[in-house]
Amino acid sequence: MLAIGMLRGKAGVHTFELPKPEIKQPDEVLVRVKEAGVDGTDFNMVKHTLQDIAEGRNEIVMGHEMVGAVEAVGSEVKSVAPGDMVVFTVRRGCGICQPCLHNQSDMCMTGLYTERGIHKQDGFFTEFVLDQEQYVVKVPGDLANLAVFTEPLSIAEKGIEQIRVIQSRLPWACEHPDHTYASPDWGKCKTALVLGAGPLGILATALLRLAEVHTYVADIVPEDSHKVHLVKHMGADYIDARSKTPKEIVKFCCSAPANLDIVFEASGAAATAVELISYMSRSSIYVMTGIPREELVIQVDAAQLVRQIVRNNQVVVGSVNSNRSHFEMALKDIPAINSRFGGMLEEMITQRFKLKDYERIFAATDQKHIKTVIEV
Ligand SMILES: [Zn+2]
Ligand SMILES: [Zn+2]
């Protein structure tokens, strides 16, 4: 079968043939890939030749966002059957630490995990994929055409979950007892700034807006771009960050004494991300999800930064990957997002390719594009 990925010691993206996987264990599920999503991680892997290939192998199949149809199952598989639409989770736990042993490999303590399509394990830019039932999440039949968003949305779900868990320390964020971070109406009376209007920024904005958080999104694209159209369509406000310093961005979001309750960093723009910490509100939370690749040294007033974080009870937290529970949350929220914001997820897909177009997929992309999907 055809696969696209990276070859050891060679730059760029390549195509190669692999044998079709076969079920050998009773808990395995064989899936025919229907669609696979391409994201910033994939582009960065190619751009920076970030190769993390398993020992004894010369290639790695890329891709960690997928939806497919079950082709066959092992004798002990109960949760899915041939014909079902499914998604695969990405990370495979280390098998040693307590989080991994309790289905929370996204919080792995040893770093000895692997990841499909990224870190030592073959991914999903191919025709057939196989894994254990515990990593397979069933997709409701009517969601098949949008389920390629499950993995990216699961990353946003985890970020928002972190915010709600940590900010449960602050039940009186506003005067309404039913707006605590634990309540379904948690988002009311809250203001958020999302940095970056790429797929993750847009999906985080969708979740924030579903919860009725007053949301601002900052990016460096012009007002008339498709990204901004989607941001505004969800009732969020756009900030063109090309002409604003981090201080001015925050000032735009909240005039004193209003609080900027949440900052969701999804741009990977390291300097802006760090500078923004200096302008956080009191008792607020800043979740970072972007992963900058290039070295960047900036000067900061460390004393001011530490003083301010302490005095204002601020939280800066990183959030990476997601576990099965976030995939399940995402599958619940996909129909809610799509019905509330009128086909928005479909509109996010700005490019569709076939596997054989692998060179064009990874050719220099411009900022107009949001989501690239490969139809397998
Ligand atoms: Zn672990
Ligand atoms: Zn309130």
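Modeller: Helices (H or I, at least four residues) and strands (E, at least two) are DSSP runs, numbered from the N terminus. This is a predicted model, in which local features need pLDDT of at least 70 and side-chain atom pairs count only at pLDDT 80 or more, while totals for chains, interfaces and linings use all residues. Residues are numbered from 1 along each chain as its sequence is written, and chains are lettered from A and ligands numbered from 1 in the order in which they are written.

Biologist: OK, where does Ala 206 lie?

Modeller: Ala 206 is part of helix H4, which covers residues 199–210.

Biologist: And is Ala 206 buried or exposed?

Modeller: Ala 206 is buried, because 29 other C-beta atoms lie within 10 Å. The word buried asks for 20 or more other C-beta atoms within 10 Å of a residue's own, whereas exposed means 12 or fewer and partly exposed is in between, with C-beta atoms placed from the backbone.

Biologist: Which residues is Ala 206 in contact with, leaving aside neighbours within four places in sequence?

Modeller: Those are Met 234, Ile 337, Phe 341 and Met 344, where contact means that two C-beta atoms, placed from the backbone, lie within 7 Å.

Biologist: Now the helix pairs: how do the axes of H3 and H4 cross?

Modeller: The axes of helix H3 (residues 150–166) and H4 cross at roughly 55 degrees and come within 9 Å. Axes here are lines fitted to C-alpha atoms, for helices over the stretch in contact, and angles run from 0 to 180 degrees between N-to-C directions. The angle therefore makes H3 oblique to H4, since angles under 35 degrees count as roughly parallel, over 145 as roughly antiparallel, 65 to 115 as roughly perpendicular and the rest as oblique.

Biologist: Which residues make that contact?

Modeller: Among them are Leu 153, Ala 156 and Ile 160 of H3, together with Leu 200, Leu 203 and Leu 207 of H4.

Biologist: What about H3 and H9, at what angle do they cross?

Modeller: The axes of H3 and helix H9 (residues 324–340) cross at roughly 105 degrees and come within 8 Å, so the two helices are roughly perpendicular to each other. In this contact, residues of H3 including Leu 153 and Glu 157 meet residues of H9 including Phe 327 and Ile 334.

Biologist: Last one, which residues of H7 are buried?

Modeller: In helix H7 (residues 270–277) the buried residues are Thr 272, Ala 273 and Leu 276.
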